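Thanks for making the time, everyone.

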Amino acid sequence: MSVLERLDLVRERSGAAGKGGAFATTGRVLTVVSPIDGSTIGRVRLAEAADLERVVRDAAAAFETFRTMPAPRRGEIVRQIGEVLRAHKDDLGELVSLEVGKIRSEGLGEVQEAIDMADLCVGMSRQLCGLSMHSERPGHRMTEQWHPLGIVAVITAFNFPCAVWAWNALVALIAGDAVIWKPSLKAPLTAIATHELCERVLAAHGLSGLLGLVIGDDAVVGEALIRDERVPLVSATGSCRMGRHVNAVVGGRLARTLLELGGNNAILVHRDADLDLALRAVCFGAVGTAGQRCTTTRRLFVHRDVAGPFIDRLVGAYRTLPIGDPLQEGTLVGPLIDAGAVAQFEAAVAKAVAQGGAVLAGGKRLDRPGFYVAPTLIRLRHDAPIVADETFAPILYVDVYDDLDSAIAWQNEVRQGLSSAIFTDSVRAAEAFLSVRGSDCGIANVNIGTSGAEIGGAIGGEKETGGGREAGSDSWKAYMRRQTVTVNYTSSLPLAQGVRFDVG
Ligand code: NAD
């Protein structure tokens with residue numbers, strides 16, 4: 001039995017689900033194609049505005065009950081969601097591979113990330129702490145408390161079709177919010193399967209509809225969702241282009257956004273680096289997930305003292321990378337998501353060459369069913385215009401530097417600010433990279449590549465990456481509203497700052 005049959009996803013599915021399950025009935029039907037071989041793996045009837053309206057109403061109704069539930073009890077529900085994900089990890093992981101082309105261990109890793117988020121959130125549900133401050137007025141107590149926000153819209157990119165939802169939705173749940181998920185049309189089946197598993201848990205607690213799902217065209221349900229005044233927070237993961245638009249629309253109604261947008265991440269290999277370590281990290285960072293991670297390594301700056309041998313070894317490694325069916329044992333590089341991504345890859349390679357680049361490895365699409373390209377290494381100046389763009393494909397631009405300050409400046413010169421790394425055995429070089437004049441990114445690593453972040457820390461980046469932070473640390477605060485509370489337990493009414501206003 002195939003994974004689609006086990007998860008019961010072979011028949012036509014509905015792209016909207018709120019209380020009582022799936023109910024989109026009139027929208028157009030989307031055919032879902034696997035990037036592995038271009039075959040059809042499912043059909044989804046897309047949601048329309050009326051479906052979204054039902055999902056929003058169901059979420060609003062469920063929120064009324066849910067917000068009064070103590071946070072540790074909300075955590076218990078998230079624990080049960082983690083258990084159901086654990087029980088279906090293999091199937092869900094395989095579905096991720098089938099739908100977006102990740103190699104098996106990465107598909108499984110993605111579901112593990114969602115399970116890890118559930119575990120983290122169970123603990124967090126007992127730690128939604130506010131501060132207490134000393135009042136300047138005698139007999140007064142001043143504290144902060146945190147309340148749920150309401151309905152949180154979670155818009156996800158195709159490349160993490162389960163984990164990014166978990167970074168948001170599970171934190172939002174312990175915060176006491178309802179969630180409406182709008183996944184990418186490039187990965188609807190993983191969303192449907194994940195949603196249905198969660199819905200089973202929620203229904204058992206009488207909370208059906210608390211997690212809504214709406215799969216539809218951006219111009220129809222996407223736009224309606226971000227414009228909906230019942231939605232106080234829109235958390236959106238995707239391209240900078242999308243983020244700019246969502247920010248303008250949601251900001252226009254003075255609601256909140258949490259943006260996780262594109263990256264253009266660099267690794268610096270310093271002259272004293274452990275080159276074995278650096279080689280493995282650069283390969284995983286640049287070609288893992290076929291270059292389709294927000295944290296993918298897209299730029300490599302190597303110190304001149306080690307550049308020759310290091311780049312030679314990298315070219316050798318690129319020539320032997322096993323590319324092919326991501327579900328087959330031993331494959332390290334799977335396909336791109338679709339034909340459009342292949343076309344963008346080819347256009348970027350052509351531009352890089354036109355801008356003076358020398359292709360050291362790859363550079364071509366592969367002639368086989370599905371959407372495969374050869375991982376590509378291009379020697380190119382750090383300031384060539386194409387280097388400033390995030391092309392969502394396995395293209396790595398390499399340049400050589402003489403001094404660390406210049407390399408750090410090159411690392412910081414792009415518009416995006418997500419992830420960064422240095423390989424060095426020198427404390428001075430590492431600390432310079434981490435200092436206030438060092439990397440300007442949301443993630444800065446030493447002797448670890450740019451991708452593969454752990455959920456315990458906050459994930460996100462600066463500049464055009466959008467400034468949002470999700471997953472661990474104190475990211476939960478984005479999903480709650482802060483209330484400053486001052487209690488006067490005396491019979492006098494002193495005013496702050498010594499103001500006098502004696503009446504009567
Ligand atoms: P995309 O911008 O094309 O789409 C992302 C999501 O936005 C999709 O669900 C899409 O339907 C939705 N969307 C687009 N226009 C919308 C609108 N007008 N209203 C509402 N929703 C709208 O991105 P993609 O190709 O799916 O993903 C790749 C991008 O995501 C890359 O830039 C990558 O770096 C980024 N990404 C960032 C992070 C991060 O944590 N920073 C994580 C994963 C992916």
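A pocket here, on a 1 Å grid over the protein atoms alone, is an open set of points where a 1.4 Å probe fits, with protein on both sides within 12 Å along at least five of seven lines, and a molecule sits in one if more than half of its atoms lie within 2 Å of its grid points. By that rule, the ligand sits in the largest pocket.

This is a predicted model, in which local features need pLDDT of at least 70 and side-chain atom pairs count only at pLDDT 80 or more, while totals for chains, interfaces and linings use all residues. Residues are numbered from 1 along each chain as its sequence is written, and side-chain values use heavy atoms, with hydrogens and water left out.

Around the ligand there are 27 residues, counted if a heavy atom lies within 4 Å of it, and the closest are Thr-156, Asp-218, Glu-223, Ser-239 and Glu-390. Domain 1 (3-261 + 466-483) and domain 2 (265-458), with bounds from an automatic or database assignment, both contribute to this shell, so the ligand lies between them.

As for polar contacts, meaning pairs of N or O atoms within 3.5 Å, a ligand oxygen is 2.7 Å from a polar backbone atom of Thr-156, and a ligand oxygen is 3.2 Å from a side-chain N or O atom of Glu-260.

How values were computed: Polar contact = N/O pair within 3.5 Å; in protein donor to acceptor, adjacent residues only side chain to side chain. 1 Å grid on protein atoms, 1.4 Å probe; cavity = no way out; pocket = protein on both sides within 12 Å on 5 of 7 lines; lining within 4 Å.
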